[in-house]
Amino acid sequence: MKCRLCKSKKTSNFTNLGLQPLANKYPKNKKEIKKERKFPMELLFCNDCSSAQIKKIINRKYLFEDYYYLSSVNKGLVDHFKKLAKKMTKKDFVVDIGSNDGVFLQHLKKKNIRFLGIDPSINVGKIANSKGLTTIVDFFNKRSVDKIIKTYGKPNIVVASSIFTHLKNPNLFIKNLKSLLSNDGMFILEIEYLSSIINKKQFERFYFDRPYYYSLNSINKLFAKNNMAFVNYEKISTHGGSVRCYIKNKQVAKKSLKLKNALVAENRKLNKKNIELFSKKILHYSKDFKNQIMAMISKNKYIIGYGCPARVSTITNLSLVGGKHIKFIIDDSPLKAGRYSPGMNIPIKKFEHLSFKKKYTVIVFAYDYFIDIKQKLKKYNCEFYFPIPLRKVSK
């Protein structure tokens, strides 16, 4: 199979995660559970542009018009976007693509910075607009770009955080981005980093919402092909280890020395040997995850989860861990409570469902926000585990 990003034939097998459901579709009853479908999740690696991609692409409209992820329920993300907003100035007009419930927009509003959000999720966009955070409910395409330019003018800053890997056609996205952004404008791209996924063995970051996974080199090549210049980057902690990329809307811009060195170093590390090791390790971690849970059950431990992000689906469906093993999962999003996890159908409960009388063995699926979760559970009798690899944590 050719690489869909650069059309190279130099692709190789990356990993196989078996049959997986749609990770952000949470059935609410037995009728919806029966309608769930699973698809084979096989990934390829492109040896030319250093990207990974899922073979099977699911219709984007089906995935995102009805969505259950709310950024603002995560304190860590709220703080992250507050810091990003501090980089903006009063002269900026900022468009946030994939603005969700306005987690970034709210901080721009407080700083009196002109802003606009765009998000395809009807239910989530409604939440943002109800808070006075102006959001166009639509996909980012030529139609929506024309509407933004006509109504609001061209922004000098466009931000896209944790949405670029969702795109079916990133080249078309960049074409529309280029026409929207002012000539001297900056695109700030926050994106899950393929090297972090491989180094940390985070196979749970793979799910059908995200057909592509990028290295710095793949980002560099993709934007250069579209006459935009990747000029600098920084590592950020969100989503298990991401990168923030600064991309100018013209080719004359020079790269920072930091970025030049990172591109060279990355080329040495993203090799066949490390990819094969990754694939072997994740199968081991998946089997070990279930074996350890079975051992806990034999000791009469009361196992629950905290946080039901998309990664729960990938972990539990690969390891075949369901409601017989994990009693329920607490999630702070009001959109998920009362539903079930995809595929393995573990009940999702509100925080108020917890009891002071029980001792909980908590698998922290939303481990990025462990400090906040531990603080929230400090009055309960809990022991905490991270899922992959499954290990006990205290700090």
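A residue counts as buried when its relative accessible area is under 20%. This is a predicted model, and in it Cys 3 has 1% relative accessibility, so Cys 3 is buried. Cys 6, in contrast, is partly exposed, at 32%.

How many disulfides are there? The count is zero, with the cut-off for a pair of cysteine sulfur atoms set at within 2.5 Å. Cys 3 is in no disulfide: its nearest cysteine sulfur belongs to Cys 6, 3.7 Å away. For Cys 6, the closest cysteine sulfur is in Cys 46, at 3.6 Å, which is too far for a bond.

The largest nonpolar core has 44 residues, and the members that touch the most others are Phe 14, Phe 203, Phe 206, Phe 289 and Ile 326. Elements giving two or more residues to this core include β1, β2, α8 and α12. The largest share comes from α11, with seven residues. Among the contacts of Phe 14 are Leu 43, Phe 45, Leu 194, Ile 198, Phe 206 and Phe 278. There is also a second, separate core of 42 residues, including Phe 93, Leu 180, Tyr 233 and Leu 263.

Last, helix α3, residues 75–85. Which of its residues are buried? They are Leu 77, Val 78, His 80, Phe 81, Leu 84 and Ala 85. Viewed down the axis of α3, these buried residues fall within an arc of 160°, so they line one face of the helix. What covers them includes α4, along with the strands β7, β8, β10 and β11.

Key: Residues are numbered from 1 along each chain as its sequence is written. This is a predicted model: local features need pLDDT of at least 70, side-chain atom pairs count only at pLDDT 80 or more; totals for chains, interfaces and linings use all residues. Side-chain values use heavy atoms; hydrogens and water are left out. Buried means under 20% relative accessible area, exposed over 50%, partly exposed in between (1.4 Å probe, protein chains only). Helices (H or I, at least four residues) and strands (E, at least two) are DSSP runs, numbered from the N terminus. The arc is that of the directions from the helix axis to the C-beta atoms. Contact means heavy atoms within 4.5 Å. A nonpolar core is a set of buried Ala, Val, Leu, Ile, Met, Phe, Trp, Tyr and Cys residues joined through side-chain atoms within 4.5 Å. Lists of a residue's contacts leave out its neighbours within four places in sequence.
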